[in-house]
Amino acid sequence: MAEAKIQQMGDAAGLAALIARAAGQTGGEARGLPPVDRWNPPFCGDIDMEIRGDGTWFYMGTPIGRQPLVRLFSTVLRKDEDGKTYLVTPVEKVGIRVADAPFIAVEMSVTEKEGENVLTFRTNVGDVVEAGPEHPLRFVIHGDNRELKPYLHVRGRLEALVSRPVMYDIVELGETIAVQGVEMFCVRSAGAIFPIMPAAELEALCR
C-alpha cells in the first residue's frame, strides 16, 4: 500500500503540489514555515530523494534544478528522534536520504549588538540564522585528514554545514578562551562562546 501511494506521487513536481496544498491547510502560517513539529501523520515509506553533501537535492537520481521547488521542500523537512529525515505534511510523512546536513551555510555577516559580535548566516535555501544560545555552532574534526567541519543549528534537529569559505571567515574571528580550565580556540556570537578545538591542538596543526 505504501509503495503504491508513493508511486502515485509521480515526480518531484507532483510532490511539491501536495506540499503546497498542505501549506494551504496551516491557516495564516502558509507564508512562513509550516508547523511540521506539530504534525503527526502516518509514515508512508521512503522516496528516492537525497540531499547530497554539497547541498544539492536529487530526485530519482536527477538534480532538482528549480530553486523555488527546493525551498518548498526544505520548509517541510523534519529530523526525528530516530535520526532520519522526512518530508512531513499534515497527512503523510515520507523518508529521504541526507548525506551530511540538509542545509549549507553559504554566507556570513558580522555585526555588533550591545558590544558583542553577532554572526548571521544565510543558507542555500534562504534561511537567515543568527548564531547564539538558541542557534549554536558546533565543530567536528572529521576523517583521517582531520578536516574541520562546523555546523549551525537551524531549527528542530536540522543543521547547516558551514561551507569551507565561510568556515575560514569564522576561524579568522577565533580567539583563545579558557573553557572549564582548558585553553580553547573559540568564536563568539550574541554573547555565546563556541569552542572550535583545544588551543594546543590548533598550534600543532599550524606547525
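These legends accompany close-up views of a predicted model.

**View 1. The buried side of helix 4.** Let's start with helix 4, which spans residues 164-172. Val166, Met167 and Ile170 are its buried residues. They sit on the same side of helix 4, because the arc they cover around the axis is only 105 degrees. A handy reminder for this view: an α-helix has 3.6 residues a turn, so residues three or four places apart point the same way.

**View 2. The other face of helix 4, and what the buried side packs against.** Pro165 and Glu172 are exposed, and they lie on the face turned away from the buried side of helix 4. The buried residues, for their part, pack against several strands, among them strand 7 (103-113), strand 8 (116-123) and strand 14 (182-189). Strand 10 (137-142), strand 11 (147-155) and strand 12 (158-162) are also packing partners of these buried residues.

**View 3. An open sheet with the order 13-14-15.** Here you can follow 3 strands with antiparallel pairing. Strand 13 (175-179) and strand 15 (192-198) are the edges; each has a single partner strand, so one side of each is left without a neighbour in the sheet. On average, neighbouring strands of this sheet are turned by 55 degrees against each other, direction ignored.

**View 4. Strand 13 beside strand 14.** The two strands run antiparallel and are joined by 5 bridges. If you are looking for a landmark, Ala178 stands opposite Glu183 in strand 14.

**View 5. Two cysteines, Cys44 and Cys186.** Cys44 counts as buried because its relative accessibility is 5%, under the 20% cut-off. Cys186 is buried too, with a relative accessible area of 0%. The structure holds 0 disulfides.

Definitions and conventions: Residues numbered from 1 in each chain as written. Predicted model: local features only at pLDDT ≥ 70, side-chain atom pairs only at ≥ 80, totals over all residues. Heavy atoms only, no water. Disulfide = S-S within 2.5 Å. Buried < 20%, exposed > 50% of the residue type's maximum accessible area, 1.4 Å probe, protein only. Helix = DSSP H or I, 4+ residues; strand = E, 2+ residues; numbered from the N terminus. Arc of directions from axis to C-beta. Contact = heavy atoms within 4.5 Å. Pairing = 2+ DSSP bridges. Axes fitted to C-alpha atoms, helices over the stretch in contact; angles between N-to-C directions.
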